Each structure stands twice: as C-alpha cells, then as structure tokens.
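Biologist: I have a new model to look at. Can you take me through its sheet and its helices?

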Amino acid sequence: MAAGRILISACLLGQPVRYDGKGKPLLHPLIEQWKGEGRLVAFCPELAGGMSVPRPPAEIEDGLNGEDVLAGRARVLELTGGDVTAAFIDGARRALKHARDNGCLHALLIDGSPSCGSLAIYDGNFKGVKHAGNGVTAALLRSEGIAIYAPSQIEALAAKLC
C-alpha cells in the first residue's frame, strides 16, 4: 500500500459520476504523480449511497451544511423536491469506511458539492448561490480526523504529504 494515500472524489479523476453524468477532471501534475505512485483512492459517496447517474441536482436546504444534515437539523433535497438525505448520509459513512480501509488520512474532494464540498456549498435555493460550508461527506470525514482539501488547496495537501 502506498504511503500517504488520498481519498479523492471520483469525478476529479474524470469518472462520469456527477449528477449530470459527467466528470470534472482536475488537471494538475500532482494528480498524475500521485496516480503513478498509487496514492489515489477514488470514491463517489453519492453513487455509494445508491444514487444513479444522471440524477437531479441536490442541495442542502435553508443555507445549512453537512454538519446540520448529520445532526438531523437539515435535509438534502433534489431540485425535483425528493428527499435524498438518507442516501447522502449512507454515502458519507461508506466514504469514511473506504478511507479507513485504504489508510487515507487525507481527502481531496470536489468543492461545491452537497457531499464533498469543503470550502463552499450551494445554499439550497438552486439558483447557483454558494456559501461557506461543508457537504455531508466532507463534514463526516473531517469530524473523524481526516484532513479535507479542495482542488484549490492541492499544493497545501502536497506540503502535508512531504
């Protein structure tokens, strides 16, 4: 097993797992280096939680965040009105297990996502407005001691791995 393994959002590796059926590859020399070293452990918590591709966009309601979802104070709702909170919580728990099973002490997660967002997430109104906060998976991983990084923080992650 490679030292310093990193749980990474599968979409950041280009896997077509996002709600719109696309990936969002993070093109950075460190990604290629870490791939070659066997450090990256791809995971999509939304798929792990039983959601399909494509799927309706989802946001955490009322400008709340992943901590609120985990505490039962907020729901994750689809644009269509469906309540997908249970799938998001299940996916977060599976991500934590996968990270632990693979020795990941760090995670590089797509920002903005109601699962993986760590700097900002959408506010629940489906109007493209973000606010500071964590998604459900990012909140759970962070609460369990896994260091979370957004793509814009890849250099800081690299510094921690040295």
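Biologist: How many bridges pair β5 and β8?

Modeller: Keep in mind that this is a predicted model. In general, strands of a sheet pair through backbone hydrogen bonds, either parallel or antiparallel. β5 and β8 take the parallel sense. Within this pair, Leu 108 stands opposite Tyr 149 in β8. The bridges between β5 and β8 number 3.

Biologist: What is the order of the strands in the open sheet?

Modeller: β1 is joined to β2 by 4 bridges, and the two run parallel. β1 also pairs with β5 in the parallel sense. With β5 paired to β8, the order of the 4 strands is β2-β1-β5-β8.

Biologist: Which strands stand at the edges?

Modeller: Look for strands with a single partner. Such a strand has one side left without a neighbour in the sheet. That applies to β2 (40-43) and β8 (147-149).

Biologist: Which residue of β5 stands opposite Leu 7?

Modeller: Leu 7 faces β5 here. The pairing of β1 and β5 is parallel and spans 4 bridges. The residue opposite Leu 7 is Ala 107.

Biologist: α1 and α6 pack at an angle of about 40°. What does that make α1 to α6: roughly parallel or oblique?

Modeller: Packed helices are described by the angle between their axes and the distance between the axes. For α1 (residues 29-36) and α6, the axes are 10 Å apart and the angle is about 40°. Roughly parallel needs an angle under 35 degrees. That makes α1 to α6 oblique.

Biologist: How many residues of the contact of α1 with α6 are nonpolar?

Modeller: α1 brings Leu 30, Ile 31 and Trp 34. From α6 come Ile 154, Glu 155, Leu 157, Ala 158 and Leu 161. The contact has 1 charged residue and no polar ones, and its nonpolar residues number 7.

Key:
Residues are numbered from 1 along each chain as its sequence is written. This is a predicted model: local features need pLDDT of at least 70, side-chain atom pairs count only at pLDDT 80 or more; totals for chains, interfaces and linings use all residues. Side-chain values use heavy atoms; hydrogens and water are left out. Two strands pair if DSSP finds at least two bridges between them. Axes are lines fitted to C-alpha atoms, for helices over the stretch in contact, and angles run from 0 to 180 degrees between N-to-C directions. Angles under 35 degrees count as roughly parallel, over 145 as roughly antiparallel, 65 to 115 as roughly perpendicular and the rest as oblique. Contact means heavy atoms within 4.5 Å. Ala, Val, Leu, Ile, Met, Phe, Trp, Tyr, Cys and Pro count as nonpolar, Asp, Glu, Lys and Arg as charged, and the others, Gly among them, as polar.
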